[in-house]
Amino acid sequence: MNIPTVNNLKRVVIIGAGFAGLQVAKKLKREKFQVVLIDKNNYHTFQPLLYQVATAGLEPDSIAHSIRTIIKKKKNFFFRLAYVHYINTKKQKIYTSVGSLFYDYLIMATGSVTNYFGNKNIESFALPMKSIPEALDLRSLILQDFESALLIKDSKKRERLMTFVIVGGGPTGVELAGALAEMKRYVLPNDYPDLDIQRMNIHLLQASTRLLDGMSEESAKEAFKNLKELGVTIWLDCLVKDYDGKIVFIDKNKSIESSNVIWAAGVKGAIIKGFLKEDMKGQRILVDNYFKAIRYQNIFAIGDIACMITNPYYPNGHPMTAQPAIQQGNCLAGNLNLFLEKKPIKPFKYKNLGSMATIGRNKAVCDFPYFKLKGFLAWIIWMFVHLVSLVGFRNRVIALMNWIIQYFHYHKSVRLIIRPFHRKKIN
C-alpha cells in the first residue's frame, strides 16, 4: 500500500470515513501516531440528507466532501481508496483491494448497510438509500417512471409506475414520504401537464403501531397528521412479507401494486470477514465502555458497527445515527491520545442531544431533552442543524441557496436523469 513504517510511531488503521471514523482521523495526535484511513469512497457523505438527493432537492456534491480536503497537510496521515476484504486478527493485518497492511491498533468504523431481514426478493427488487449512488438511482427511477407513464396506454401499468411504496416509518421514511408528497403537489404537475399527477400514490408502511419509534408519541402523532394532510397513505402495524417487482405482499392477505418500493426499514452493521460470532451481537461488534472489542486488546469499534451493551438505557447498543457516532469518535480519539501520554482514559458517556425529522415545507418535529417543538420553528431548527453539520463552507452555501430558491419558487432544479437506472428483470 506504499505506506512507510516509522519505528517510533504506533500505526492506527481506521476503516471507514463516516461520522465516527472521520472524527478519530482528525483528532488523533500525529506526533504520537501514524494514521491510515481507508474507505471505499474518496468522499465523506452526509447521510441525513440523502433523501433530498433522491427527490431532486440537492445535487450529490452538496452533501459529499473530499476526504483529502477534510484532512489535508496532516503529518503522518495517509488515506487509501480501497475495499477491505479480510482482517487477520492474529497477525494484526488487513487485506484490501490494493494490498495488505500491518496495524498496531485497528479502529472499525465501517458503519451500516441496509437490512433486508433475509428476504432475497425484496433485496433484488426494492431500492435502498444508504449511499449517494443509491440515492441517484432512486432519483433516476422516479423521473424515468413519469417519462414512461406518459407513453403507456394501459392504465393499470401506468398507475403501478406512479405508485411509490416506502417501507419503514422512521425519520428516513417519513422525510422521504413528505418530500415525494411535496413533489406531487408542487413540482410534477408543472413538469408533466399532460399526465394526471393525482393518480400518483404514496404509501408509507410501518411494522409497529406508530411512526418515528425513536421519538416521542407527540412527535409521532404530529408526523402522522402532517403526512395525511399531504396525501400520504399510512399503513401502521403492517409487516411486508414479500415483493416480486410488481406487487408488495403484506400480512393479513393485503397487497399493493407498485413498481417502486423504497426500503427504509432497517440497517445492520457492515461487518468485515475475520471476526467470530462471539465477537458480535446482531451484526454489531461487542465493545466495552472504551470501545475496545471484547476479545481483542488492540481492536476498537465505533459508530453503527459498535454495540456497547453496558448502558442500561441502550441494552442493544446506541442508536445507529450520526450523533452517537460523532461522540464516540471524539471519545476514542481522546482516549488514545491520553493512553500514549500515560494518563487515565475516560469511559464513554452518551449525551442525547435530541432527535428531529422534517415532514415537508414548514413542517418538522424536534425532541430535545427538556422540551419538544413542532411546526415552523422546528423546521427552522432542523434546517439550521443540518446546514451547520454539513462538511465544508461550499456545501453549506449550495444547500442553503437550493433551499431558499425552492422555498420561494417551489422549484427543484436538479430533476436530471444523469445516468439511467436499469431495473432488474422480472421473471
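Predicted model: local features only at pLDDT ≥ 70, side-chain atom pairs only at ≥ 80, totals over all residues.
Residues are numbered from 1 along each chain as its sequence is written. Local features need pLDDT of at least 70, side-chain atom pairs count only at pLDDT 80 or more, and totals for chains, interfaces and linings use all residues, while side-chain values use heavy atoms, with hydrogens and water left out.

The protein contains 11 helices and 25 strands. These elements are DSSP runs, numbered from the N terminus (helices: H or I, at least four residues; strands: E, at least two). The C-alpha trace spans about 70 × 50 × 40 Å along its principal axes.

Of the 427 residues, 53% count as buried (under 20% relative accessible area, 1.4 Å probe, protein chains only). Contacts (heavy atoms within 4.5 Å) were taken at a separation of 6 or more; residues 24 or more positions apart account for 64% of them. The protein exposes about 20500 Å², by the Shrake-Rupley method with a 1.4 Å probe. Carbon and sulfur atoms supply 55% of that area. There are 60 positive and 33 negative side chains. Lys and Arg count as positive, Asp and Glu as negative; His and the chain ends are not counted. The centres of the two sets lie 9 Å apart, with charges placed at NZ of Lys, CZ of Arg, CG of Asp or CD of Glu.

Two strands pair if DSSP finds at least two bridges between them. Strand E20 (residues 284-287) runs parallel to E22 over 3 bridges. Leu286 stands opposite Cys307 in E22.

A further set of pairings involves strand E24 (residues 363-367). Because 4 of its 5 residues are buried, E24 is largely enclosed by the rest of the structure. Strand E23 (residues 355-360) joins E24 through 5 antiparallel bridges. Thr358 has Ala364 in E24 as its bridge partner. E23 and E24 form a hairpin with 2 residues between them. Asn362 in this turn has a positive phi of about 65°. E24 also pairs antiparallel with strand E25 (residues 372-374), over 3 bridges. Here Val365 stands opposite Lys374 in E25. E24 and E25 form a hairpin with 4 residues between them.

How values were computed
Buried < 20%, exposed > 50% of the residue type's maximum accessible area, 1.4 Å probe, protein only.
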